[in-house]
Structure formats: C-alpha cells, structure tokens
Amino acid sequence: MATFTALGLAFFGWLFFNNGKVTGASAPLLLRLAPPAALAGLLLFSYLFPGGRFSSRWTLPVFGAWCAWLILWLVPLFPASALDPNGWPEVARFLITTVFLTSGVFAQLNRYRAADGLTRAQTRPVVAGLTATISAFLLIWLSTMLFPDLRASAPDLPGLIAFAPYMLPWLFL
C-alpha cells in the first residue's frame with residue numbers, strides 16, 4: 001500500500017498540475033488518459049487505505065462511476081455534445097465532483113470508525129489529511145466560482161504563483 005500511495009501521489013502531481021503541457025489536446029489518447037487516471041488513483045487511495053481492499057461493497061461501483069465521469073470530463077471523446085461535461089455549467093461539474101470526493105472521505109471515516117485502537121492511531125493523520133485536502137480543494141473551487149477574479153490566468157512564473165493556493169491543499173497528503 002505504501003508503494004501504491006507514493007507512486008500514485010507522484011503520478012497525480014506530475015500529470016494533474018502540468019497545465020496541459022504534457023497531456024494537451026494534440027497528445028495521443030493514452031497520454032490524455034493520464035490525468036483522469038491520476039485523479040482516479042486519488043479516489044482509489046481513499047477507498048483502499050490502509051488495508052488494500054475496498055472498504056465497503058458500495059465503493060467499487062462508485063469508483064467505476066468516478067472513472068467514467070473523469071473520462072467524459074477530461075478526455076474530449078464527445079466534443080460539443082450533451083455528453084461533454086465541459087459544456088455543462090460549472091456548478092454541475094462541481095456538485096458531481098463533490099459527491100465523488102466526499103464519498104472517499106466517508107469511506108475513510110467509516111473504516112476509521114470500525115478500526116481497532118492501534119489502527120486508528122496509525123491512520124488518524126492520513127484520514128485528517130485526506131479530509132482537510134478534499135475540503136480545502138472544494139472550498140477553493142467554490143470560492144473561484146463565487147468570485148471569478150480569484151482564478152489563476154497569468155502565464156509562466158506569475159501564473160505559477162497565482163496557482164499556488166490551488167496546490168496547497170494537496171500538501172496535506
């Protein structure tokens with residue numbers, strides 16, 4: 001589980017925060033599938049940690065739906081159609097993503113509640129970090145929806161500095 005976690009978080013950071021330079025629209029399909037795979041790995045981590053098995057029966061179908069959502073959203077398979085979430089209102093994308101990410105937190109809290117004392121003590125920092133990360137990420141996204149001027153749009157170093165608050169929640173993990 002430790003190797004999966006380390007590789008998954010490195011993969012997530014490398015692919016999700018690259019600003020499209022590695023996985024742009026002109027990249028091959030396999031490379032364009034990498035950011036959805038990185039995000040899928042994040043939710044998979046929340047369902048599998050610490051035992052390496054899905055925490056409840058409901059998590060496997062939810063994980064499958066999450067993967068389908070990510071492919072529809074991040075890989076333009078059906079551009080300019082009703083199946084393309086990029087054409088949907090941002091509020092709809094936010095609410096769908098919120099449901100999926102909070103299901104990962106819920107799975108971790110369920111597993112934490114059912115664990116023995118030693119397992120609770122060992123997983124407490126991870127559960128707290130995952131909860132804080134997902135909460136901060138969703139609050140930042142919500143704040144940019146409510147106040148559009150907060151969006152990072154500058155190129156190069158100023159853009160990186162403006163984008164830093166979006167990366168900070170992931171440091172909790």
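Gly51 is located in the loop that joins H3 to H4, where helices are DSSP runs of H or I with at least four residues, strands are runs of E with at least two, and both are numbered from the N terminus. The structure is a predicted model, in which local features need pLDDT of at least 70, side-chain atom pairs count only at pLDDT 80 or more, and totals for chains, interfaces and linings use all residues. Residues are numbered from 1 along each chain as its sequence is written, and side-chain values use heavy atoms, with hydrogens and water left out.

Gly51 is exposed, with a relative accessible area of 60%; buried stands for under 20% relative accessible area, exposed for over 50%, and partly exposed for values in between (1.4 Å probe, protein chains only). Pro50 belongs to the loop between helix H3 (34-48) and helix H4 (59-74). The Phe49 to Pro50 peptide bond is cis, with omega near 0 degrees. In general, most peptide bonds are trans.

The protein contains seven helices and zero strands, and the order of elements from the N terminus is α-α-α-α-α-α-α. Of the 173 residues in the protein, 33% are buried. Contacts (heavy atoms within 4.5 Å) were also grouped by sequence separation. Among the contacts with a separation of 6 or more, 65% are between residues 24 or more positions apart. The accessible surface of the protein is about 10000 Å², and carbon and sulfur atoms account for 72% of this area; accessible areas come from the Shrake-Rupley method with a 1.4 Å probe, and for residues only the protein chains shown count as cover.

H3 has 15 residues and spans 20 Å from its first C-alpha to its last, close to the 21 Å expected at 1.5 Å a residue. The expected span is 1.5 Å times one less than the number of residues in the helix. H3 is mostly covered, with 13 of its 15 residues buried. Helix H5 (residues 90-114) has 25 residues, and its span of 36 Å between first and last C-alpha is close to the expected 36 Å. The buried residues of H5 include Phe94, Thr97, Leu101, Gln108 and Arg111. The cover over the buried residues of H5 includes H3, H4 and helix H6 (117-146).

Thr97, in helix H5, is buried, with a relative accessible area of 3%. When residues up to four places away in sequence are not counted, Thr97 touches Trp66, Trp69, Trp73 and Trp141. The C-alpha atoms of Thr97 and Leu70 are separated by 9.2 Å, and these residues lie 27 residues apart along the chain.

Tyr112 is also placed in helix H5. With residues up to four places away in sequence not counted, Tyr112 touches Arg120, Thr123, Arg124 and Val127. Tyr112 and Pro50 are 62 residues apart in sequence, with a C-alpha to C-alpha distance of 9.5 Å.

Cavities were located on a 1 Å grid over the protein atoms alone, as sets of points where a 1.4 Å probe fits but cannot get out; lining residues have an atom within 4 Å of a point. Grid points are joined across faces, edges and corners, and a volume is the space filled by probe spheres set on the points. One cavity of 30 Å³ or more was found. The largest cavity has a volume of about 40 Å³, and its lining consists of Pro50, Gln108, Arg111, Tyr112, Ala115, Thr119, Thr123 and Val127. H5 and H6 are the elements that give two or more residues to this lining. By class, the lining has four nonpolar, three polar and one charged residues, with Ala, Val, Leu, Ile, Met, Phe, Trp, Tyr, Cys and Pro counted as nonpolar, Asp, Glu, Lys and Arg as charged, and the others, Gly among them, as polar.

Technical notes: 1 Å grid on protein atoms, 1.4 Å probe; cavity = no way out; pocket = protein on both sides within 12 Å on 5 of 7 lines; lining within 4 Å.
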